[in-house]
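Please work through the exercises below with the sequence and the model side by side, trying each task before reading its solution.

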Amino acid sequence: MWSVCFPSTVLENSVPMPQCGVFNVFHLITDVTRESIVTDASEYLHLTTRQRAYFGGVSILVPETWQDRPEYESATWETYDTSDVRVAEPNPEFDHNPYVRTFSGCGEKGEYMHLTPGFILDQVPLGSTEVLWGPSGRVFIHEWGHLRYGVFDEYGIPSEGYPNFYFNENGRITVTGCKINTRGYSSNYRTGGRCSMDSATGLPDSECQFFPYLNQGGSGHGSVMYMQFLDAVDHFCDDSDGNHAHNADAPNKQNRVCDGRSTWDVVTSTEDFKAPDGTQINTARAVASTEPTFRVVKARKPRFVLVFDISGSMDSIDDVSINTPRRSLLHQTVYKLVREGIPDGSHVGMVKFHQWATRLLDLTEIATEEDRQEIADAVPNEASGGTCIGCGLTEALEVLSMNGADPAGGIVIILSDGDESLNVSPNLTVATQHLVAAGVTVHSVTYSSSADTRMEEVAASTHGRAFFYSGAANSNSLEEGLREAVRVQNSAAARASSSLQLYSNAVKLEVGQTFNATVLLDSSVGENTEFSFGWTAESGVDWAVTSPSGTVYTNSSVQVFYNHQAKIATLKLQGKAQAGSWLIHVRNPAGSAQRVVLTVNSRPSAAEPPITANAWLSNSDLQVWPPKAVVYAEVTQGLSPIVGAHVMATVQGPDNQQNSYTLQLRDDGAGADLTRNDGTYSAYFTQFTGVGRYSVSAAVTNPDGQAQLKTSVAGSAAPFQDPSKAPISTTSYQPVESFERQSAAGVFQLLDYKSEDGFPPSRITDLEVVKVSYTDRTVLLRWTAPGDDYDQGQASQYDMRMSRDTKSLRAGFDRAAPVNGSMVTSGSLTNPVPAGSHEYIQVLVPLTDDKTIVFAVTKTFIDEHKHTQVLVPLTDDKTVVFAVTALDDNGNTGGNSNFVSVTFDYQDSYGEGSDSGSGLSAATIGAIVGGVLGAALIIGASIVIAVKISGSKTRIREIRITPRDNMGADLPPYSGPQGKMDMTAHA
């Protein structure tokens, strides 16, 4: 029996075999978990995918610190960063609740699933996992839906802006969910008492939850993404009209992100079920068993082979004013990587290639400073001949296979600047096939836009990362890419003690020119801090580093280590460096311009988890114009997100000029960003100037002190089958000191380019109701403004439409009634605010002929089932649904927004700033009982509420009240004869 108490035992990944409906899953798991969670999940996956998929093989990764066992195989491409499921200590935001971190859109895979040892071992302090969330296998598949298929929760998540209730097309308050016939009752989940109204919406407040009736033998219906714990749930909601019917009107995350599509429609459109040409490739089939097979793999000490291009093109000079060949810059950067960037205990080999390959160094362990120096001295600085990239990769595989060793799990980092020569053998394509078969990971770094286009392919095929350096003097993406390639291979334990890159910059200094920078050292780092300088002229550079207390370090300080051949100086501060602002001053004393590289790296302090920033890209190969190229950066401290940070991406174009583009990443839940305030910052990049490679890095700072550490409980995660068991939802924010971090994101390779504007505004996904006034008959709406190009710039105008029901608006947005200028009483539809700002529009809703709305309880009775029914008057114009789309100046549209509905039946005025109390007033009774959600109402009273606008007519409708028994619980639903509405709660 294995322990799962190690936070470093955090990994899983999957390789699809969609033609067989089977997944090979890599997952850290105990023996108990094999028999229960994953095995049960596989069976449930087969059921819910209608006999189309199950787990075929499960590989279990154990940490390198565990004692060896005969059954352990070597891990291959399985690493922390490539993991899908991570078993770790509880995240403060979710406690033991399983969740998936997902940053991208509908139908796109999530990043990883998080399970805690307490969940795995059924040792959650709140109680049994099955009591809390239902059977663990079902919970796993609920999360698998997020992770693998890119579908989202179908229940309300008030903390993310998805309400638990909404007004349906009949003006009834309805539970947010997939199904419209799930049976249950409503209650305040914290107190067990009556639900209160939210004055901002006229709906029950965020503490009002729907409690489904459990264990009623199939009487309740849900879905995998709604209430997977219900016995009857054996499906994803689909587009049928039966028990599996999807509710496209509910204001949940699935409908908002996927524009009303059912989860089954999204699932069956993924690569596991559909080929790129649209052909269905995964049909239902009976299988003898859905039980997976299990394999145990163990992480080993990293084995790196560095592979260098020394072909003639490496003698090229990208900037004649600097007059430094590529080979010298490569030598300087790799020398520095070996000296400072590769962890102790790693094994490093080295290969160079031109028209053939030569081994420079067999695998050598870094155990001492002498070992590091021996490896660094082997870095080549030469150039001649042709280019056989495949030869270099093949020789690297030989280095990993020395003396009969298994190459699986080895890491190759290859750097090349040109196309592979014709008729070489083995070529790059053949070598890639051999590396894939051997289980070796390749990270590629391309130097110049003319590098072979297959370099990104070899990285993708072997689960590696791709990076690019354009040759521009003001870019340090060469070093940043190499450091990131090493970092992603580190185990969780090694990463906890590895250096973090706080600052990285490259500048071109003319003769006598100076450069100054300020670097912020925060208290979560500071151990063994290193300030490093690299230059290109023989005379070097003058520099000084000043600590926050005023201590000045210069070229002559005893803490400085030089390598004049590589043109590098490093200031090494032993122990804990002082927190605060460190000043860097550099001057070029040479008689010509030179390129100067400045980096600051520091190890975490032992007192607390470090602040970290990790950047990545949505995809590398952009084959279709216009592309959707997204830059992401996650900023955290431990597992808690940091919100309010300043995150800027720098994009270096495909040529070697000094032009670069900056891009602010936002965490606002709009545009490219999926969820507001989750510590993940995102933005679209649209400033492409032509085909080629674009290198991307991200810098994170807290210059104005606005960043905060967010800790909360009960975020968006697996739903509790009894909401009262959930921890009380709380969120706290703690100020974060000034800090600075740098991370390489990778490379975009644009394969198609057109000069015309092809980028539409982003789709608006956070349209919401701020305030409704019955007296003024106005609705105040709010959303985050998109840009002219996705989430960049400023849109040209908005097109807002309204309808009596969601279906009509969804089916014919262009045919729906427009909201014109005369209806807008504040804000503007023709003058949008800049992207990322809040847009406010107040709409005056036109009146119908019926000028009077009267509510009157005309009859109250209790039938044989003890269910009360009430008749009240009703006007026809009870619900209005809004949607909006943005347009740019070329007429490109961003797609229809999410839908919001309002009703004018119930309150004189409600919204932000309302003076209404927290309890349910008489004026709000109609709102609650209209959704049959079981508010605690007085039975047998006769109430008349009238709001006179002008006019005469009154209409009557029938609505329902679910009474409570003498213990405060709702009675079972009514199922009376025709004409007496049943009491089934809408969900």
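The model is a predicted one, in which local features need pLDDT of at least 70 and side-chain atom pairs count only at pLDDT 80 or more, while totals for chains, interfaces and linings use all residues. Residues are numbered from 1 along each chain as its sequence is written, and side-chain values use heavy atoms, with hydrogens and water left out.

**Exercise 1.** Find how many helices and strands the protein chain has, and what share of its residues is buried.

*Solution.* Begin with the DSSP runs, where helices are H or I runs of at least four residues and strands are E runs of at least two, numbered from the N terminus. Counted in this way, the protein chain has 15 helices and 54 strands. Next take burial, where buried means under 20% relative accessible area, exposed over 50%, and partly exposed in between, with a 1.4 Å probe and protein chains only.

**Exercise 2.** Determine which residues of helix α8 are buried, and why they lie on the same side of α8.

*Solution.* Within helix α8, which spans residues 369–377, the buried residues are D371, R372, I375 and A376. They are on the same side of α8 because they cover an arc of only 130° around the axis, the arc being that of the directions from the helix axis to the C-beta atoms. In general, an α-helix has 3.6 residues a turn, so residues three or four places apart point the same way. Now turn to the face directed away from the buried side of α8, where the exposed residues E370 and D377 are found. Finally, look for the packing partners: the buried residues of α8 pack against α7 (326–340), β16 (347–353) and β17 (357–365), with contact meaning heavy atoms within 4.5 Å.
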